[in-house]
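Subject: Structure handover

Hello,

Here is the structure for you to take over. My notes follow below it.

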Amino acid sequence: MKLNVALVLQGGGTRGIYTSGALDFLLEKGAEFPLIIGVSCGALNGVNFVAGNEGRTKEIMIKYMKDPRFVSVPNFLLHGSLFNFKFMWEEMPKKLPFNQKQYDESKTRFLVGTTSLETGKPVFFEKGVCKDFKHAVAASSSLPRITTKPVMVEGHPCLDGGPSCSIGFHKALEEGFTPLIICTREKGYRKAEQKPSTIKACARLYKKYPAFVDTIRDWSKTYNKDMEEIDSLGESGKAFVLYPSIPVHIGIAERKKEKLEALYQQGYKDMEARFDELLAFLKRAE
């Protein structure tokens, strides 16, 4: 089955295991997409979906969130980030196989969203076009505050796409696609304003990049405006939006296996429950 829509994946740290459950159901159905757009953890989910590695994102989150080689304070001190993406790309595949051949040969266009520290605006990088694509994926997933050093992508400092573009549906619309959006927060969730302490810390960490600090300051406004538009697109039938059917109560770096497993199963079940509705949506969109 080939779906003629853009798959748009929200981030949210380990909340992205919800998305991995939904995507694994789609992989079982043989789903393919001409365009995939991922931001933050949505970018990591996209990597494994393009490779056809069912269950791999789940395994990474459940097995490696407690592994100090991947997530640890020493990483933060040595590399400027809690997450060691070099370990993820180079060492994880030795224990957790990655289908590199399918990933490399896939005809799916795959874009990841980052935030430029220079402009504070979203910047999208495309697999096969961007020579630093692994760095782009790392940048998209590098959260402010827990990442002190910008990730350089094609010579430009970038970090998490979330502050400027938590969900890349605008990019899908610009590309002329109807979006299938997978969210990691329940419908109606809205982001609280950034705490003054968070803004102060970011102003200190990223003092060379005032535009990025302004984007951090406006993060909740940007996010909430985007969610209002996504709700409207879904309700009008101009997009298919999958939200968690129950409130999500885990953070961006959850380590408890039972909570992660439960959220993964919820994503799988939610997509399964709405699959006939999705097929009907696709038929109408033809």
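Among the elements, α1 gives the most to the lining of the largest cavity, with four residues. This is a predicted model, in which local features need pLDDT of at least 70, side-chain atom pairs count only at pLDDT 80 or more, and totals for chains, interfaces and linings use all residues. Residues are numbered from 1 along each chain as its sequence is written, and side-chain values use heavy atoms, with hydrogens and water left out.

Cavity

The structure holds one cavity of 30 Å³ or more, and about 60 Å³ of space lies in the largest cavity. A cavity here is a set of points on a 1 Å grid over the protein atoms alone where a 1.4 Å probe fits but cannot get out; lining residues have an atom within 4 Å of a point. The volume is the space filled by probe spheres set on the points, which are joined across faces, edges and corners. Lining residues include S20, L23, D24 and L27, as well as F49 and R56. Two or more residues each come from α1 (17-28), α2 (41-50) and α3 (56-64); helices are DSSP runs (H or I, at least four residues), numbered from the N terminus, and strands are E runs of at least two. By class, the lining has three nonpolar, six polar and three charged residues (Ala, Val, Leu, Ile, Met, Phe, Trp, Tyr, Cys and Pro nonpolar; Asp, Glu, Lys and Arg charged; the others, Gly among them, polar).

Helix α8

Six of the eight residues of α8 (residues 133-140) are buried, so this helix is largely enclosed by the rest of the structure. Buried means under 20% relative accessible area (1.4 Å probe, protein chains only). The buried residues are F133, A136, V137, A138, A139 and S140.

Regards

Key
On a 1 Å grid over the protein atoms alone, a cavity is a set of points where a 1.4 Å probe fits but cannot get out, and a pocket is an open set with protein on both sides within 12 Å along at least five of seven lines; lining residues have an atom within 4 Å of a point. Buried means under 20% relative accessible area, exposed over 50%, partly exposed in between (1.4 Å probe, protein chains only).
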